Amino acid sequence: MIEASNLARVREYLRAIENAAAGDALAAFYTPDATQLELPNRLNPQGGTSDLPTLLRRAARVPDLLKWQRYELVSEMAQGARVVIEAVWTAELAVAFGAVPAGSTMKAHFAMFFEMQDGRIRRQRNYDCFEPW
């Protein structure tokens, strides 16, 4: 039962991100001590770790950067407090990104690993593979 609940919560979280959730609406998905680890990728070559305040600051900027974003779930799995999602992320740029003009579409293949606690995300680890732009 916990696996189904955790999977449903992560799906809700991804839909909230698609709808540009920010502030308290987004914070409700995380534990207060949540962290997100982004492994190195083309967009963020050094990778990085974000705490909850950083995640919320970044989310507040999304509507200025993207017209929309979507996650197409490819596969999902849950075991106890762990959830794994494979997804294809697609977004339309609201502003130019380097040589890529505003209005262009970006696409990436994500593997996301979540550690849940009491129905909230405590740890998230992302492996993001961006298609060429």
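Reply: The second largest pocket is lined by Met77, Ala78, Gln79, Arg82, Val83, Val84, Phe113, Phe114, Glu115, Arg123, Gln124 and Arg125. A pocket here is an open set of points on a 1 Å grid over the protein atoms alone, where a 1.4 Å probe fits and where protein lies on both sides within 12 Å along at least five of seven lines, while lining residues have an atom within 4 Å of a point. The model is a predicted one, in which local features need pLDDT of at least 70 and side-chain atom pairs count only at pLDDT 80 or more, whereas totals for chains, interfaces and linings use all residues. Residues are numbered from 1 along each chain as its sequence is written, and side-chain values use heavy atoms, with hydrogens and water left out.

The volume of this second pocket is about 200 Å³, a volume being the space filled by probe spheres set on the grid points, which are joined across faces, edges and corners. By class, its lining has 6 nonpolar, 2 polar and 4 charged residues, where Ala, Val, Leu, Ile, Met, Phe, Trp, Tyr, Cys and Pro count as nonpolar, Asp, Glu, Lys and Arg as charged, and the others, Gly among them, as polar. Strand 3, strand 4, strand 5 and strand 6 each give the lining at least two residues; helices (H or I, at least four residues) and strands (E, at least two) are DSSP runs, numbered from the N terminus.

Strand 4 and strand 5 run antiparallel and are paired over 11 bridges, two strands being paired if DSSP finds at least two bridges between them; here glutamate 92 stands opposite threonine 105 of strand 5. Strand 5 is also joined to strand 6, in the antiparallel sense, by 10 bridges. In that pairing phenylalanine 110 has aspartate 128 of strand 6 as its bridge partner, and methionine 112 stands opposite asparagine 126 of strand 6. The two strands form a hairpin with 2 residues between them, and aspartate 118 in the turn has a positive phi of about 50°. Strand 6 in turn pairs with strand 1 in the parallel sense over 5 bridges, and tyrosine 30 stands opposite isoleucine 121 of strand 6.

For comparison, the largest pocket has a volume of about 900 Å³ and is lined by 32 residues, of which Leu43, Arg58, Val62, Leu66 and Gln69 lie nearest its centre. Among the elements that give two or more residues to that lining are strand 3, strand 4, strand 5 and strand 6, although the largest share, 6 residues, comes from helix 3. By class, that lining has 23 nonpolar, 5 polar and 4 charged residues.
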